[in-house]
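Trainee: Let us go through a model together. Please take me from the loops to the ligand.

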Amino acid sequence: MKQENSCVLEHRLYQGDYRLLKLSAPLIGPLVQPGQFVHVKIPRLEQAVLRRPFSVFKADASGLSILYKTVGKGTAALTTVADGEPVNLIGPLGTGFPTAGNGKTPVLVAGGYGNAALYLQAARLPVKGVAFFGGRTSGDVLCVDEFEALGWEVRIATDDGSLGRKGFVTAALDEWLAEQESGVRSQGAGGGEQNETFQSLELFACGPNAMLRAVGDRALAKGLTAWLSMDRNMACGVGACLTCVIKRKTAGGWEWARCCKDGPVFNAEEILWED
Amino acid sequence: MNKPDLKVRIGSLEMKNPVTVASGTFGYGPEYAGLVDLDRLGAITVKGICTEPHVGNATPRTFETAGGMLNAIGLPGPGAQGFIKKYLPFYEKYSVPLIVNIWGKTVEDYSRVAEIFNDQARIGALEVNVSCPNVKEGGALYGTDVNLFRTVVDAVRVRTQKPLIVKLAPNVADIKVFARAAQECGAEAVSIMNSYPAMAIDIETRRPQLANRTGGLSGPAIKPIAVKLVWEAARAITIPIIGMGGIYTPEDALEFIIAGASAVAVGTASFTDPSSAVRVIEGVEAWMAAKGIGSIAELRGTVQA
Ligand SMILES: Cc1cc2nc3c(=O)[nH]c(=O)nc-3n(C[C@H](O)[C@H](O)[C@H](O)COP(=O)(O)O)c2cc1C
Ligand code: FES
């Protein structure tokens, strides 16, 4: 965890309303693990006392980038930062995705730009598998070619059917899981035949709460491991203020776990969902 | 130019500079250790602790507002024994003085937690929170009714030899009454102020932004309120005041000292920038040196009002 005065290397529209912001971050960049985030002091948002957390999309010694769209005052202000402008960062923060277990076949599930948080995981996992991306409409499904270039087979679902199959991403996942379970062989993206048994599947997911819960429920029902990246409001981002808590199961009941420190990635098994 | 003497004393607690962090905004210390040189601070004040573990409020617990934020965390914590086991050993490798913020649901709770911590040599002082706006039990009530207030401070006083800092609620008709009561009950200092009871509503859902419905406002928005309360209290008591409320810059801290504070705490500013407290220390020192002011005592309460 470091605090760093980075500067904007690149800031442009990426797709539709989504923007890509690349920052120089020689201290933080090389430290980032898949699923971690940075806490950003938004420039020129003087009335704001809080930073804004962003999942890291890509990171290396040359810098780190985030993908975002305008959802509130913070992201609206962020759209105005210009090349060369300083941006203060704290990061990398949180506990990210573990690497897949030995002999496991990874499956990625993302809703909207949740897949930005999965990119580093996709790039660094030694075994490539299938990635399920969902969005309201085709414009919400990002980075498909980038994941394919890494060797992933990408399956898409949109609510309006404008890209891929129509419906929720979890429906596409269900159908595929059912095929796997009944032993149907699927074509791997690299062209090689995948012959993994169903129980070797390990899920990594990021997206809206309802999607995460649905993915977690399916995994648990089928005895699979699922890692979910949970999104909660944050204040400090470093585990100090107890704003970002979720309920984590314990032997006797539950305890609070901090999404910014103990998470954002949790094993689906640990999460006690609240209605 | 001579270096100014930044030392301040709160009873037996010696701070090498007048800047601590505000309870609840700096966790228990370790959370910020990777970003802040803890030994640079005049003291560390940890999150409020009661006798038993406590779960606190439902989420959402914080909400950003113009120039500040609301919080209704509700004082979750590991309890006194949990704190001793889990966090006190961490401080063995640091020399920074430690102030532990305590609270209770009942007067008995307050005296028990004070008694438990009294044996812990690493703890330099206790800050009694009688002003949390976010717990139903006790909490704000002890801070706004002067008879209950005295009962709590008396109860804690007889159970501890450690310096006692009483944290005052801002939402009282006359802060001087509470400041004097704290002094009369034998407190070594008062801290002013806790967050101010406040509320925000989502106009679309028509529901409060916080699960607790109301919370406490902190940050730059409350600074002028805090400065006024410190100024009033300073004229009523002789024990030191730790001023807080929206301190972000060295100039903010100096304003509190000129109003009458002996020391200050940096709170919400640590969320904005974890290096805030250290920057405040450096800036206060530089400003005093530039003006040829030799000590905090020389500056304290010099407001021309
Ligand atoms: C998230 C948060 C948690 C807090 N928790 C406590 C607490 O446990 N005990 C306490 O006495 N004050 C607590 N406070 C109040 C602060 O210590 C401080 O009095 C108040 O925030 C004003 O200072 P500031 O404007 O610099 O933050 C909390 C404040 C915030 C923002
Ligand atoms: S945001 Fe403060 S504890 Fe997670």
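**Reading the model**

Mentor: Start with A:Pro264, which lies in the loop between β15 (254-258) and β16 (265-267) of chain A. Helices (H or I, at least four residues) and strands (E, at least two) are DSSP runs, numbered from the N terminus. This is a predicted model, where local features need pLDDT of at least 70, side-chain atom pairs count only at pLDDT 80 or more, and totals for chains, interfaces and linings use all residues. Residues are numbered from 1 along each chain as its sequence is written, chains are lettered from A and ligands numbered from 1 in the order in which they are written, and side-chain values use heavy atoms, with hydrogens and water left out.

Trainee: Which peptide bond at A:Pro264 is cis?

Mentor: Most peptide bonds are trans. Here the bond from A:Gly263 to A:Pro264 is cis, with omega near 15°. Chain B has a cis bond between B:Thr59 and B:Pro60, with omega about 0°. B:Pro60 is in the loop between β4 (44-49) and β5 (62-65) of chain B.

Trainee: Is phi of A:Cys143 positive or negative?

Mentor: Most residues other than glycine have a negative phi. Phi of A:Cys143 is positive, near 60°. A:Cys143 lies in the loop between β9 (130-135) and α3 (144-149) of chain A.

Trainee: How many helices and strands does chain A have?

Mentor: Chain A has five helices and 16 strands. Its radius of gyration (over C-alpha atoms) is 18 Å. Chain B has 10 helices and 16 strands. For its 305 residues a compact globule would have a radius of gyration near 19 Å, and the 18 Å of chain B agrees.

Trainee: Where does ligand 1 sit?

Mentor: A cavity is a set of points, on a 1 Å grid over the protein atoms alone, where a 1.4 Å probe fits but cannot get out. A molecule sits in one if more than half of its atoms lie within 2 Å of its grid points. Ligand 1 sits in the largest cavity. Among the 23 residues around ligand 1 (a heavy atom within 4 Å), B:Ser23, B:Lys167, B:Gly219, B:Gly246 and B:Thr268 come nearest.

Trainee: Which backbone atoms lie 3.2 Å or 2.8 Å from an oxygen atom of ligand 1?

Mentor: A polar contact is a pair of N or O atoms within 3.5 Å. An oxygen atom of ligand 1 is 3.2 Å from a polar backbone atom of B:Gly48. For B:Met193, the distance from a ligand oxygen to a polar backbone atom is 2.8 Å.

Terms used
A polar contact is a pair of N or O atoms within 3.5 Å; within protein, one must be able to donate a hydrogen and the other to accept it, and residues adjacent in sequence count only if both atoms are side-chain atoms. On a 1 Å grid over the protein atoms alone, a cavity is a set of points where a 1.4 Å probe fits but cannot get out, and a pocket is an open set with protein on both sides within 12 Å along at least five of seven lines; lining residues have an atom within 4 Å of a point. The radius of gyration is taken over C-alpha atoms; the globule rule is 2.2 Å times the number of residues to the power 0.38.
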